[in-house]
Amino acid sequence: MTLVLGCVADDYTGASDLANTLSKAGLRTVQTIGVPRDDMALPPVDAVVVALKSRSIPAAEAVERSLAADRWLRGRGAGHVLFKICSTFDSTDAGNIGPVTDALRAEIGAGPALVTPAFPETGRTVYLGHLFVGTVPLHESPLKDHPLNPMRDSNLVRVLGRQSKAPVALLPLATVEAGPQAVRDAIGHHAAEGAGAIIADAVLDRHLETLGVVALDQPVSTGASGLGLGIARALVAAGRIAASGAGQAPAAIGGPAAILAGSCSQATLGQIAAAERSMPVLRLDPEALAGDPGEVGRALAWAERHRTEGPVLIASSAPPEQVAAVQRKLGRDAAGHAIEQAMARIALGLVEAGVRRLVVAGGETSGAVVDALALPAFRIGAEIAPGVPVLYAVGREPPMVLALKSGNFGGPEFFTDALRAMP
Ligand SMILES: Nc1ncnc2c1ncn2[C@@H]1O[C@H](COP(=O)(O)OP(=O)(O)O)[C@@H](O)[C@H]1O
Ligand SMILES: O=C(O)[C@@H](O)C(=O)COP(=O)(O)O
C-alpha cells in the first residue's frame with residue numbers, strides 16, 4: 001500500500017468528518033482508530049486518517065501519539081501529512097494544536113506549516129486571522145461555553161501564538177485570492193522571518209483549493225476538513241488519484257439502534273429536543289453519572305424496558321449553566337472524563353444487549369465509546385449531514401454501523417436522518 005495522503009486527526013468525529021470529505025472528493029479513504037497494528041488488513045486506499053483522542057490530553061502525550069501516527073503514515077509512502085484539527089480551533093493555551101504542529105514540522109525538517117480551520121460548507125470561515133462560526137466571531141459563538149475548551153478569542157494568530165514555539169504569521173485573504181504563486185511568495189517571506197506556522201484566511205472553497213495546491217509543496221499542514229478538501233482536489237487535479245469507480249453499496253446491517261449524546265453543544269441540545277418527539281429519550285443526571293456506578297445499570301435497564309419501541313436516545317448533555325454547576329463540584333476535566341467513561345460503559349452494555357446501529361454525538365464522547373467497543377477501523381459510507389458520514393466497522397463480527405457526530409454538526413432532525421441512513 002502506498003499512500004498519497006496521510007492524516008492525523010485529534011479526535012474521532014473530526015477524523016470521520018475528514019474521511020468523509022476526502023472520500024467525497026474521490027480519494028479511497030479509511031479511518032483507523034489509533035495507529036494500526038501491522039497485521040491489520042486494509043483495503044487498497046489513497047488516504048488513511050489515523051484517529052487519535054488527543055485534543056484534550058496533555059500536550060506532551062498529544063505530541064507523542066501524533067508523531068507515532070505520522071511515522072506510520074510516512075512509512076507507507078505518505079509524502080504529505082495533514083494534521084486534522086477542529087473547525088472551531090478547539091484547544092487551550094496549553095495546546096495542543098501548536099505543540100503538535102511544531103513537532104510534526106521538526107520531525108521532518110519542514111518550513112512553516114499552513115494552518116486553517118476554515119470549512120465554508122459548515123459555516124467556518126477565516127478572515128484576517130479571525131475565525132467566524134456562521135455569522136459571528138468564534139468568541140461570540142456557542143463555542144465560548146464548550147465544556148472542555150471554551151473558545152474566548154477569535155484571533156487565531158494570537159491563539160496559536162500562545163501555543164507555539166516559533167512566531168505565527170498571517171496569510172491574508174487578498175494574497176490567497178491572488179493564487180498559488182502569491183501564496184508561495186508570502187510563505188517564502190514568512191519562512192525567512194522565522195515563522196513556524198501561518199494562519200491562512202479562507203472564506204470560499206476556491207481559497208482552500210489554492211491553499212491545497214500550495215500545502216502539498218510542504219510535508220505538513222494543519223487544518224480542518226476544508227483544507228482536506230483543498231488538498232484532495234489538488235491531488236485529483238494533478239492526476240495523483242486513480243479513478244476508483246463506484247464502490248459496492250454496503251448491505252443493510254439491521255438490528256436494534258441506539259443514540260448516545262454527550263455533546264453539550266447548542267446544536268446537539270436542539271437535536272435531542274427534536275428526537276423527544278419521535279423516540280424514548282433518557283436524560284441522565286450528570287452528577288450521578290460521574291459519581292455513581294449504579295447509574296449506568298439504571299440507564300441500561302431503562303433501554304431494555306423501551307427495546308420494543310425502536311431506537312432509544314440516552315443523553316448526558318446539558319445547557320451551559322448546568323455544565324458549569326457540575327464542573328464547580330467535580331472539576332472540569334474530572335467531570336468530562338467521568339461522564340465520557342460512563343457513556344462508554346452504557347455503549348458497551350447496549351452492544352452486549354444486541355445494538356448494532358449506534359449514533360454518538362460528541363467528539364470526546366465518541367472517542368470513549370469507540371475505544372470501549374475496541375473498533376479498529378471504519379470504511380466510509382454515505383454522508384448523513386456535512387461532516388458526518390455513515391461508518392462501517394471493519395472486520396467486526398457481527399457487523400456494526402455507526403455515526404460519530406461532531407457536537408456542532410447536523411440539522412435539527414439529525415438523529416432521525418442518521419437512523420434512516422443506517423438501515
Ligand atoms: N452534563 C454535563 N456536564 C458536564 N460535562 C458534560 C456533561 N455532559 C457531557 N459532558 C462532557 O462534556 C464534554 C463534551 O465534549 P464532546 O463529547 O467532545 O462534545 P463536542 O463534540 O460538543 O465537543 C465531554 O467531556 C463530556 O463528558
Ligand atoms: O472540524 C470540525 O468541526 C469537526 O470535525 C470536529 O473536529 C468537531 O469536534 P467535536 O465537536 O468535538 O466533535
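Predicted model: local features only at pLDDT ≥ 70, side-chain atom pairs only at ≥ 80, totals over all residues.
Domain 1 covers residues 5-238 and domain 2 covers residues 257-421, with bounds that come from an automatic or database domain assignment.

Residues are numbered from 1 along each chain as its sequence is written, and side-chain values use heavy atoms, with hydrogens and water left out. Local features need pLDDT of at least 70 and side-chain atom pairs count only at pLDDT 80 or more, while totals for chains, interfaces and linings use all residues.

The interface is summarised below, where contact means heavy atoms within 4.5 Å and buried area is the accessible area (1.4 Å probe) that two parts lose on being put together, summed over both.

| Item | Value |
|---|---|
| Area buried between domain 1 and domain 2 | about 2,500 Å² |

Of this buried area, 60% lies on carbon and sulfur atoms. In domain 1, the residues that lose the most area to domain 2 are T13, K53 and L148, which together make up 22% of what that side buries.

Across the interface there are 3 salt bridges, each defined as a side-chain nitrogen of Lys or Arg within 4 Å of a carboxyl oxygen of Asp or Glu. K53 forms a salt bridge with E364, and their closest N and O atoms are 3.0 Å apart.

How values were computed:
Chains lettered and ligands numbered in written order.
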